[in-house]
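This briefing is for a reader new to the structure.

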There are 4 protein chains.
Amino acid sequence: MVTVRIGVIGTGAIGTEHIRRVEQRLSGGKVVAVTDISLDAARRCINALQLDARLYDSEDDLLQDPSIDAVIIASSGPAHEGSVLKAIDAGKYVFVEKPLATTVNGCLRIVQAEERTGKRLIQVGFMRRYDPRYMALKSEIKSGRYGAPLIVRCVHRNAHVDERYTTEMAVLDTLIHEIDVIRWLIGDEYVSVQVLYPRGTRYAHARLQDPQIFNLVTQSGVVITAEVFVNCQYGYDIQCEVVCEDGVISITVPKLLDIFRTGFRAQPLMQDWKLRFAEAYDAELQDFIDHVGRGDEPAGPSSVDGYIATLVGEACVLAQVSGEWVTIPRPEEDLIVKDSLGYGRL
Amino acid sequence: MVTVRIGVIGTGAIGTEHIRRVEQRLSGGKVVAVTDISLDAARRCINALQLDARLYDSEDDLLQDPSIDAVIIASSGPAHEGSVLKAIDAGKYVFVEKPLATTVNGCLRIVQAEERTGKRLIQVGFMRRYDPRYMALKSEIKSGRYGAPLIVRCVHRNAHVDERYTTEMAVLDTLIHEIDVIRWLIGDEYVSVQVLYPRGTRYAHARLQDPQIFNLVTQSGVVITAEVFVNCQYGYDIQCEVVCEDGVISITVPKLLDIFRTGFRAQPLMQDWKLRFAEAYDAELQDFIDHVGRGDEPAGPSSVDGYIATLVGEACVLAQVSGEWVTIPRPEEDLIVKDSLGYGRL
Amino acid sequence: MVTVRIGVIGTGAIGTEHIRRVEQRLSGGKVVAVTDISLDAARRCINALQLDARLYDSEDDLLQDPSIDAVIIASSGPAHEGSVLKAIDAGKYVFVEKPLATTVNGCLRIVQAEERTGKRLIQVGFMRRYDPRYMALKSEIKSGRYGAPLIVRCVHRNAHVDERYTTEMAVLDTLIHEIDVIRWLIGDEYVSVQVLYPRGTRYAHARLQDPQIFNLVTQSGVVITAEVFVNCQYGYDIQCEVVCEDGVISITVPKLLDIFRTGFRAQPLMQDWKLRFAEAYDAELQDFIDHVGRGDEPAGPSSVDGYIATLVGEACVLAQVSGEWVTIPRPEEDLIVKDSLGYGRL
Amino acid sequence: MVTVRIGVIGTGAIGTEHIRRVEQRLSGGKVVAVTDISLDAARRCINALQLDARLYDSEDDLLQDPSIDAVIIASSGPAHEGSVLKAIDAGKYVFVEKPLATTVNGCLRIVQAEERTGKRLIQVGFMRRYDPRYMALKSEIKSGRYGAPLIVRCVHRNAHVDERYTTEMAVLDTLIHEIDVIRWLIGDEYVSVQVLYPRGTRYAHARLQDPQIFNLVTQSGVVITAEVFVNCQYGYDIQCEVVCEDGVISITVPKLLDIFRTGFRAQPLMQDWKLRFAEAYDAELQDFIDHVGRGDEPAGPSSVDGYIATLVGEACVLAQVSGEWVTIPRPEEDLIVKDSLGYGRL
């Protein structure tokens, strides 16, 4: 096992957090180069984390550095496509934050470019697949003990969002996680979606409809009901319940303590998604480093998974606007064949 | 407080259970007369419970008995309207099992007949309003501490149903309880409904689509998502969660024990709705008896509540058939004024 | 089934509550006479509850009333022995609040007097045996699925007590419930007891050591650890966990709601023992009335159970004083034979 | 931050697990040398984990290697003292598995040897201090919101042990974790201990009394009740509840899923202590590496903590034998001053 030398493109909050992970908590990787559209930001990151890493003026230069094995792309969403395509050209392994690209066509270009290399290079940062709760849930479903899934109920609640968060972002920033993780859980593809707007909370500003309910239907007829409520005030709360023919399985609310006090038994709730999925964030990146370090292809969420998430996300946005059921285009069959859902589909 | 002398019309399973309650568990009432379309059944009931009660050949005779203060109507649904109207004519107080009547017009006839007497005579058997969990939930909502309700999520699951249970009965026998209790909880009226059919369980027979999801919207925009799943295999499970602006409140799964055994912590679940709502069944009838015994009008679910439940139920059945959103007719304003939701509406 | 005509001796808080039960919630009984050492109190009770009952100047007169079938004795503890003995003499059925008598010899006198009548007349108010949680727990233990019980852990916490509550009352008023219910649960008799005094809460006054821990050992070697903490501030909390060879079973904390609010998931706790055991109080008295109404002997906690509770309680008080292990006298074998633990012991 | 070069003494199960951690999951450390009393075992470990590490014939040689910064000692308990003393002599930082040494005098020799170096070199493997649940519990206690701790209830249950596990090991291998973590939680020292032997499970062999209950008392009067039950059959179960003046705080049973199936709601329980404390094992070693890598002294459980655990453990073993209360010798005041309980005691 050799140390994986990593270049980081994008040293904002998430990029810095990934660097901290590689340098301070994970094994087998080393950040050897960084760049950012703000070189000042990149420099501050190097200093703050006392990195022994080169600062590159541009991602192009960084990607030409032959000593770099893999890149982490944590720039803004619209920049992903260009960076990923160049990284593929440069023959680097890529860990890219979601979304893979902001357009379906952009995603397809990436999938095809990767395909031409004859091997998997890309892992997309859908960290929930590495969360112990979701992994245990998938394991139960796959056991066959519960028969077929019929209904999936999801809740995605944040305590607060700021005024930059718009109605559309409920899909692209929030629901996108459910879109990926539910198809991974049940091994099925979406065919249609509808959006309901309940009475809005007084905490939402003018450009945000909050909460929203997404009803999705899959090829085999499973109905997914997903509530997105990003000003729920009380904390960060992720729920997922799968109703099957022979039982119902749901992930639990993480809680460390039971406190009996002043008339209540209470469990402190997590306030922060970073804390809720801390193990998953570590595990996804460790898994990427482990595979690359062994000379293997990444095994996490693939470029096809990233493509499908964007495809479904676009349909969800259409459904937000139209108020009607929207048909979700079927991903090309040969792409699904290569997916990484672990269900051994055709 | 005088003893309330009760005549019972209908001595099937539910009627017998109500008689048992009055005679063996509750205070202040006495069953003095019974009748049934099967006189044999009525006779068996008298013997089995060792009742000191007259057996009448017909409900007409029973209703003419001046020594009877109140009647419990527990015959089959289609028979309710006729019995209730005659009971009103005879000046008896009426406790009638749901539905008040099987048609909207039948319900309206009852509401108007009662109105002409100048007082409330009727209580409908929506027992959930007497369940400690639902009562506590309503109390929290009404406290104002949580702001406005935005979403209500309901689950109504039975372990099994037999082959007589059809798709339509998911509304009339099952969802009807949610229809009543949710409007009572949040003090709001429904305006539209949509039905989704998820992939069906292999346990459902040909005439039953199972599970079903009902999406209802209220005047103030609250979205109610109600799952009905009557072959869930594992037990009787009633859930209700109210998502408000400042918090989420849900009723708990009743459990008596925690058992640690063979790799699991487990809580035995109730299998039977009679057990789940045993306290509520007792409380609704005791409340009826208490009011009548004091010479007061009944204070439980009114004929208007029964009318609205049937009105909404009819729309839900239309939505089952059409697959589209169905508009729910607005109950006449002066009826709502007299409702018993406890929200002091106009 | 005839109506059981009941006389009540003692119309304080508990007596009044029992009268309310008989008159307003239960079936088959009627309070026809009352008395109290304060005739004013008895008169106020009659008026407040609008009873159709005679007021007697003395319990002797009341007990001579041939129209009375049964008496409820809810006077102060030291008065119980005299009342019970007279009631036995008068041939009345007796429901007596705990303790049966405040001394072991007093209890024995009652047991022997009852024995001379050739039938069971007495039921002692150990209501926990009628609590659904404890009943379910006993049912599991008796199932044999868990092997032998090895350890029982009990917690008995009250939010607050007033300054009349002393160290000794932790046994006689509080632990007494555990003493009875645990031997009923596991079908075993106590042989020794030790008391530990943890650091005391600042909320306890000078005459009260609070909390206390009682360690009891049974004939078969089961160790019971019982915490009594009567100023726990947060609510009324009764816990009971039975550690068996093949599993652990515990009763759950009753909760109606889950509330997600301001960083916590919380469940409101019951503050009041009357509420916690409301069903049990109703059930014990209904059971007594049902048996007497049918002409059967009472089947609830017997005079022997009351005797053993006082016997064990006395040893616990000795252990409070001595700080050492105290041997609990063995109840006479022929008494245990007649006990009502439901384990079919020799 | 430099890479910490680590030598490992003892490549059994725990040693190998620590090596795997350093090499595959943690950041900043590298295993550069190993030894074991069985050189074959050490060689197999090197091969299995594909370590780039020197194999030393003896710990003496390993400790003389100037390229080694720190050692992990994971040999058998009786070997610890010798290894730790030599490591101190060699000026290495030491991470030593519990116990620090098997005798109180052995521990004292280590404490004094370390003291002579003028700095902290040693961290003892009491990993629970790094468990998120225990950390959250300590944080609540220290907040002062709950007043003084009065009672601590601990449960330590294993599904099964093999026949090598004896009564005494219930203290030295099992309770030792509670001994350390409770004094760390509440910042208090033990003064006496008593052992109760409940009826034994039929699953225990002849040399093991199982379960056992330890009652410990601290200087401020806190009573700790600790159940050790190592054949509980159902899983690995660690509980800890702290009863304070103004509330009760307990750690929760970790659970990932809620499963509704065949009449039960169930949560799969962890079967394995390695899984239960996986995060804590990682965190304790990462913390050690971080401190050493920065040139700081280790901040985890100190040699004084290890000494006190052995001191208390010895008294517990005496109490197992005597059946009486045993006084726990008071650690010397100047040692406590240097402890690492985080309560800033004198």
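The model is predicted: local features need pLDDT of at least 70, side-chain atom pairs count only at pLDDT 80 or more, and totals for chains, interfaces and linings use all residues. Residues are numbered from 1 along each chain as its sequence is written.

**Interface of chains A and C**
- In contact (heavy atoms within 4.5 Å) are 15 residues of chain A and 15 residues of chain C.
- Tyr234(A), Phe260(A) and Arg265(A) supply 40% of the area that chain A buries against chain C, more than any other three residues (buried area is the accessible area, 1.4 Å probe, that two parts lose on being put together, summed over both).
- The copies meet through the same surface, because 100% of the interface residues of chain A are also interface residues in chain C.

**Sheet in chain A**
- An open sheet of 6 strands, with parallel pairing, has the order β3-β2-β1-β4-β5-β6 (chain A) (strands are DSSP runs of E, at least two residues, numbered from the N terminus; two strands pair if DSSP finds at least two bridges between them).
- β3 (54–55) and β6 (122–124) of chain A stand at the edges with a single partner strand each, so one side of each is left without a neighbour in the sheet.
- Gly7(A) stands opposite Val71(A) in β4(A).

Terms used:
Chains lettered and ligands numbered in written order. Heavy atoms only, no water. Helix = DSSP H or I, 4+ residues; strand = E, 2+ residues; numbered from the N terminus.
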